[in-house]
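Hello,

Here is the structure I promised to pass on to you. Have a look at it first, and my notes follow below.

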Amino acid sequence: MKTELTLLQRLGTAKRYKGEGYNCSQCMFMAFNDLHGLDEKTALKLSCGLGGGVGGQRQICGTISTIASLLGMTDYEGPADKARLYKIIRECSEKFEEKNGSLICEELKRPAAGKTCMAYIEDAIEILHNRLNENE
């Protein structure tokens with residue numbers, strides 16, 4: 001699925017939302033507003049609870065939860081698509097983990113990890129953007 005927005009446009013959108021105080025999931029969700037087609041208010045409400053490792057519990061990184069949500073919007077039509085969708089989500093998650101050493105928010109936010117949340121958002125956006133455009 002070739003997307004209309006460039007990677008740089010997506011990254012710029014995410015940085016703008018991060019600068020306004022939105023969480024990782026919200027920044028990423030809005031960077032892919034061309035996929036979900038929701039109005040800003042609804043999209044920000046829907047994605048808010050995924051931030052901070054789902055509700056601030058510091059579990060799976062909100063960017064990974066957002067990848068799963070966005071891929072569901074592009075690659076799922078019904079139960080027959082579930083196995084294929086899960087495979088795509090796993091592939092994206094594995095790329096993120098290879099690059100960052102973990103999928104867990106608490107581990108990613110440790111000082112020893114040496115990266116900011118914005119850097120993780122950028123990594124996840126790049127992974128999903130490239131995945132969406134790879135077959136074109």
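Glu-20 is partly exposed, with a relative accessible area of 46%; here buried means under 20% relative accessible area, exposed over 50%, and partly exposed in between, with a 1.4 Å probe and protein chains only. Glu-20 pairs with Arg-16 in a salt bridge whose closest N and O atoms are 3.7 Å apart, and Arg-16 is likewise partly exposed, at 44%. By salt bridge I mean a side-chain nitrogen of Lys or Arg within 4 Å of a carboxyl oxygen of Asp or Glu.

Before going further: this is a predicted model, so local features need pLDDT of at least 70 and side-chain atom pairs count only at pLDDT 80 or more, while totals for chains, interfaces and linings use all residues. Residues are numbered from 1 along each chain as its sequence is written, and side-chain values use heavy atoms, with hydrogens and water left out.

Back to the charges. The salt bridge count comes to 10. One of them joins Arg-10 and Asp-34, with the closest N and O atoms 2.8 Å apart. Arg-10 lies in helix H1 and Asp-34 in helix H3, so this pair ties together parts that are 24 residues apart in sequence. (Helices are DSSP runs of H or I with at least four residues, strands are runs of E with at least two, and both are numbered from the N terminus.) Arg-10 is buried, at 0% relative accessible area, whereas Asp-34 is partly exposed at 33%. Glu-134 and Arg-131 also meet through their side chains, at 3.1 Å from N to O; Glu-134 is partly exposed at 44% and Arg-131 is buried at 15%. Finally, Lys-99, Lys-115, Asp-123 and Glu-126 are linked in a network of salt bridges.

Gln-26 sits in helix H2 (residues 24-31) and has a relative accessibility of 7%. The side chain of Gln-26 reaches the backbone oxygen of Leu-44 at 3.0 Å, a polar contact (a pair of N or O atoms within 3.5 Å; within protein, one must be able to donate a hydrogen and the other to accept it, and residues adjacent in sequence count only if both atoms are side-chain atoms). Beyond its neighbours within four places in sequence, Gln-26 is in contact (heavy atoms within 4.5 Å) with Leu-44, Ser-47 and Cys-48. His-36, in helix H3, is buried at 8%, and the side chain of His-36 reaches the backbone oxygen of Phe-29 at 3.0 Å. Apart from neighbours within four places in sequence, the contacts of His-36 are Phe-29, Met-30, Ala-43, Leu-70 and Met-73.

Now the nonpolar core, meaning a set of buried Ala, Val, Leu, Ile, Met, Phe, Trp, Tyr and Cys residues joined through side-chain atoms within 4.5 Å. The largest one has 33 residues, and Phe-32, Ile-67, Leu-71, Phe-96, Ile-125 and Leu-128 touch the most other members. Two or more residues come from each of helix H1 (7-19), H2, H4, helix H5 (62-75), helix H6 (82-100) and helix H8 (117-133). H8 gives the most, with 8 residues. Leaving aside neighbours within four places in sequence, Leu-71 is in contact with Tyr-76, Leu-85, Ile-88, Ile-89, Cys-92, Leu-128 and Leu-132.

From C-alpha to C-alpha, Arg-90 and Ile-64 are 9.7 Å apart in space, and they are 26 residues apart in sequence.

Best wishes
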